[in-house]
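Here is a friendly note to read alongside the model. Please keep the picture open as you go through the points.

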Amino acid sequence: MTDHFILINVRLETGFIENDGHIQGTQCDLFNIEIKDGQMVAICGQNEVQSALPQIDADGMLMLPTLRDMHIHLDKTFYGRAWRAAKPNNEQDIFQMIALEQQLLPTLLPDSVEHAQQLIALLLSKGSTVIRSHCNIDPVSGLRSLEHLLQALEAFNGQIECEIVAFPQHGLLRSGVASLMREALALGCQWTGGLDPAKVDGDMQRSLDAMLTLAHDSGTGVDIHLHEAASTGIPCIHHLLNALEYTPELQGRVTISHAYCLAQISDVEVQALGERMAALGVSLSSGLPLGKNVMPLPLLRKCGVKLMTGTDSVIDHWSPFGSGSMLEKANLWAQLYGRGTEYALNRALTIATGDILPLDEQGARIWPLAGDAADFILLNASCSAEAVARQPAISASYFRGQQVYRA
Ligand SMILES: [Zn+2]
């Protein structure tokens with residue numbers, strides 16, 4: 001495909017339609033967008049530009065920012081394999097899960113490249129072109145999970161941006177993988193992972209310090225899985241925040257994944273922690289859990305904490321329920337925290353796009369602008385709110401100006 005073309009008849013949001021003081025709808029217009037070398041270089045009204053450039057007709061479809069799946073495990077999926085439900089396991093006791101993995105990983109590794117690729121293709125079809133994947137670094141698979149994932153990603157070179165977290169799933173200290181982690185980080189992982197330092201490693205301080213040392217020495221950021229209950233989880237977050245006061249180079253480069261313990265404390269405590277997290281640039285990656293684990297995410301966002309979401313699992317030994325759709329996550333956000341109003345649905349999209357939205361809070365068009373990366377999706381919807389509520393299929397995904405998926 002050419003690197004310089006005009007996408008014609010693109011539907012873009014241009015403002016809110018207000019009536020009686022309420023936002024009742026979203027105004028859209030059709031535009032022609034010139035795309036060159038991966039950037040949107042000009043956004044023009046339909047009749048503004050006559051050009052000899054090749055044209056691609058978007059047919060009036062809505063353009064939205066590319067979707068971002070910021071927490072997935074591409075390396076150990078059942079996707080594309082025979083159906084298997086999760087095993088009965090006392091609320092997924094972490095030690096039973098680790099024991100299960102010791103049996104399972106050798107059976108998954110032989111064709112994990114193929115299944116990771118099938119899963120990436122699924123994500124592209126759901127509009128995600130920016131991905132953060134955790135990858136097991138454990139004594140059973142050694143570096144093979146990572147080597148296979150890197151091999152799988154080669155086939156998508158230039159089609160997605162995928163960061164990898166070196167993830168000590170069987171415990172950084174418990175499974176003795178510090179030196180394996182060093183090797184993994186040298187192989188090109190952008191993030192140092194961690195896991196339940198008190199519960200799994202049995203020594204919160206030593207575990208967190210070992211993780212921070214790995215991150216410091218490799219010049220990577222941190223993305224830690226934290227599933228611990230409030231009694232140990234909250235002290236863990238405090239220890240992490242205290243450590244960040246003395247390691248300014250890691251500020252803005254730490255993500256806590258899940259952090260269910262934040263759903264178990266009072267709003268006052270959440271607010272105090274949230275303000276510190278925001279000040280030290282600690283983001284939160286949440287799968288938007290249901291039931292007793294419903295997270296206080298709106299309050300954390302109000303404190304200024306950067307929020308992300310991800311698939312985690314489409315289907316694996318942890319859960320068989322994932323669709324791979326970040327539009328579905330935005331829909332879930334709207335159901336959990338908003339209502340079905342035009343404005344709430346419009347704003348809900350932000351969890352799926354890395355906080356890039358077509359309209360600002362007042363309804364001014366802020367995306368796309370000339371100079372923005374040409375990372376977007378096209379879909380058959382009249383506006384963001386409809387896309388979030390109805391979740392239409394993605395018609396096309398573009399990454400850096402290249403079409404990387406088409407229905
Ligand atoms: Zn995970």
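1. A word on the source: residues are numbered from 1 along each chain as its sequence is written. This is a predicted model, where local features need pLDDT of at least 70, side-chain atom pairs count only at pLDDT 80 or more, and totals for chains, interfaces and linings use all residues.

2. Start with helix α4 (residues 178-186) and helix α5 (residues 204-218), whose axes lie 10 Å apart at an angle of about 30 degrees. Therefore α4 is roughly parallel to α5 (angles under 35 degrees count as roughly parallel, over 145 as roughly antiparallel, 65 to 115 as roughly perpendicular and the rest as oblique). Axes are lines fitted to C-alpha atoms, for helices over the stretch in contact, and angles run from 0 to 180 degrees between N-to-C directions. Helices are DSSP runs (H or I, at least four residues), numbered from the N terminus.

3. Which residues in α4 and α5 meet? From α4 come A178, M181, R182 and L185, and from α5 come A210, L214 and S218. Being in contact means that the C-beta atoms of two residues, placed from the backbone, lie within 7 Å.

4. Now follow α5 to helix α6 (residues 230-246): these two pack at about 40 degrees, with axes 11 Å apart. That angle is why α5 is oblique to α6.

5. On the α5 side of this second contact are M204, Q205, L208 and L212, which meet T232, P235, C236, H239, L240 and A243 in α6.
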